[in-house]
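These are my notebook entries on a first look at this structure. I record what I looked up, entry by entry.

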Amino acid sequence: MREREFWELVDEVFGHGYGRSLVQDQHLDALAGLTAAQALSAGEQPRVVWNVLCDHMDVPDPQRWGADHNAPPMPVR
């Protein structure tokens, strides 16, 4: 997943305004307390950040990927 796809999914799944607010303001324990925006800036892979954000917001797996997206494979850590 590219960062561009991350932002497309944020807009599609959460809506533009609310999604942008979540990414900037929601601190995520699974990312050492960083926000999604901070984690992306720190170099965390967008796929990882997306899954952590969706887990945090209780988004079911079938709804995470929007209408025209396929779930990319998880990155190797």
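Which residues in H1 meet which residues in H4? I found that Glu3, Phe6, Leu9, Val10, Val13 and Phe14 in H1 meet Pro46, Val49, Trp50 and Leu53 in H4, where contact means heavy atoms within 4.5 Å. I then sorted the residues of this contact of H1 with H4, and they divide into nine nonpolar, no polar and one charged. In this sorting, Ala, Val, Leu, Ile, Met, Phe, Trp, Tyr, Cys and Pro count as nonpolar, Asp, Glu, Lys and Arg as charged, and the others, Gly among them, as polar.

Before going further, I noted the basis of the values. The model is predicted, local features need pLDDT of at least 70, side-chain atom pairs count only at pLDDT 80 or more, and totals for chains, interfaces and linings use all residues. Residues are numbered from 1 along each chain as its sequence is written, and side-chain values use heavy atoms, with hydrogens and water left out.

Entry on the helix packing. I looked up helix H1 (residues 3-14) and H4, which pack at an angle of about 20° with their axes 9 Å apart; the axes are lines fitted to C-alpha atoms over the stretch in contact, and angles run from 0 to 180 degrees between N-to-C directions. H1 is therefore roughly parallel to H4, a term for angles under 35 degrees. Helices are DSSP runs (H or I, at least four residues), numbered from the N terminus.

Entry on the aromatic rings. I counted four aromatic pairs in the structure; ring centres must lie within 6.5 Å, and planes over 60 degrees apart count as edge-to-face. Phe6 and Trp7 form an edge-to-face pair, at 5.2 Å centre to centre and 85° between the planes. Phe14 and Trp50 form another edge-to-face pair, with 5.8 Å between the centres and 70° between the planes. Because Phe14 lies in helix H1 and Trp50 in helix H4, this pair ties together parts that are 36 residues apart in sequence. I also noted one aromatic cluster, formed by Phe6, Trp7, Phe14, Tyr18 and Trp50.

Entry on burial. Are Phe14 and Trp50 buried or exposed? Phe14 is buried, with a relative accessible area of 14%, and Trp50 is buried at 0%; buried means under 20% relative accessible area (1.4 Å probe, protein chains only). Phe6 also counts as buried, at 0% relative accessibility.

Last entry. I looked up Val48, which lies in helix H4 (residues 46-56) and is buried, with a relative accessible area of 8%. Val48 and Ala36 are 12 residues apart in sequence and 9.7 Å apart in space, C-alpha to C-alpha.

Conventions: Helix = DSSP H or I, 4+ residues; strand = E, 2+ residues; numbered from the N terminus. Buried < 20%, exposed > 50% of the residue type's maximum accessible area, 1.4 Å probe, protein only. Parallel < 35°, antiparallel > 145°, perpendicular 65-115°, else oblique. Phe/Tyr/Trp six-rings, centres within 6.5 Å; stacked < 30°, edge-to-face > 60°.
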